[in-house]
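Me: I'm new to reading protein structures. Could you walk me through one, feature by feature?

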Amino acid sequence: MVDLRIDFCGVSFENPFILAASPSTDNREMTTRGLERGWAGAVLKTTSLETEEVTITYPIMSGVRPGPGLVGLQNTDLLSERHIHEVAEDIAWLKSRFPDKRIIASLMGSTRAEWQELVLISEQAGADMIEASISCPQGAELEGEPTLGWMVSQDPHQTEKVTRWVVEGSRGTPVYVKLSPSVTDIVSIGKAVERGGGNGICAIDCLEGIGGIDLQSFSPLPSVQGKGTRGGFSGRAVKPIGLRIVADLAGAVKIPISGVGGIYEWRDALEYLLLGATTVQICTAVLQRGFNLIDPLTDGLSRWLEGHRYGSPTEVIGLALPKLTEHDHLEHGVKVISRIDPELCIGCGLCYVACADGGHMAIEFPSDRHPQVQEGLCVGCGLCAQVCPVPRCIEIQ
């Protein structure tokens, strides 16, 4: 039997799956439904002191390829309109009803006093952990000292300083720091969290982007009365970036990491674990598919672990890291080519077009619509296998 329990920053979770800070965790009723379904914990939507004026303009979301094939969501939502004292009531209420679930307060402040007041209120309410959200734009300075970037977590010095503020304000509640992917050197930021005394790291937050353009009004999307702005892009498309950043951090710091970005199924979550994450947080997939997503996540991970004779997700954390190397260290000179299974091929011709105009012109497409690989021309680039609509029809051997 597989035991999905896992430890993150000294806190025990019944499984690795946590609801990320989002509209799904912005009130106790919705969060309750998620916890009842089986999520191990919830990061409540990021909150602030009452002195922070928060207003949200609607709509806040636009989709890239909206519908069943949604690639990602663009959002302009930053903070909860519900301030810390109201959120603290939710923390206490949720902990009284779900003592075995982990309720995490996501906080945003601008000064040492603000951060430490937010931490104190959260701890008094019973929060299991503190998430220091320095990955959204909190302004260009902290206590009169300008940052090197738009967000606090783009500046190693400010990241270390704020982390230390939050940790010093805590009375023992574990503190982890959420990081932005919009940096040139994530390792320097991760090490700054470690130097500041942070117990862990959460990566990644959304990518800064523009969701698209309305071709009638020319407004960026989502459009608010004819105008738009930059926002956070999340969803399937950001997973490769999330995986890379988690791997980079796991190889550089000793504190644990909670992985976020593009997780829609158990395989995605497992990839994060294999590259060094201890837990995973999920946002966009829940917005799209609902809280019931937890069932295939836990079932799929349990079945894979059992099938590979692992008793716990802890046993697989970081197993892929030794396989990650620099390009110069990859083995060169090995001949590989594409193999097309004639029994599976549907004769669509997509492989032929891709190879002819984007590969090495190594596929023939005769009138019988049975593509043939010319072994002397094929170098095994893999493009044909990526455009083929039939699983396992084309393999690189």
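Me: Where does Asn15 lie?
Reply: Strands here are DSSP runs of E with at least two residues, and helices are runs of H or I with at least four, numbered from the N terminus. Asn15 sits in the loop between β2 (11-13) and β3 (17-19). This is a predicted model: local features need pLDDT of at least 70, side-chain atom pairs count only at pLDDT 80 or more, and totals for chains, interfaces and linings use all residues. Residues are numbered from 1 along each chain as its sequence is written, and side-chain values use heavy atoms, with hydrogens and water left out.

Me: Is Asn15 buried or exposed?
Reply: Buried means under 20% relative accessible area, exposed over 50%, partly exposed in between (1.4 Å probe, protein chains only). Asn15 has 4% relative accessibility, so it counts as buried.

Me: Which residues is Asn15 in contact with?
Reply: Contact means heavy atoms within 4.5 Å. Leaving aside neighbours within four places in sequence, the contacts of Asn15 include Leu4, Gly38 and Thr298.

Me: And how do I read a sheet?
Reply: Strands of a sheet pair through backbone hydrogen bonds, either parallel or antiparallel. Two strands count as paired if DSSP finds at least two bridges between them. Here an open sheet of 4 strands has the order β5-β6-β14-β13, with antiparallel pairing. β5 (61-64) and β13 (207-209) are at the edges with a single partner strand each, so one side of each has no neighbour in the sheet.

Me: How many bridges join β6 to β14?
Reply: There are 3 bridges between β6 (residues 72-75) and β14 (residues 231-234). Asn75 stands opposite Gly232 in β14.
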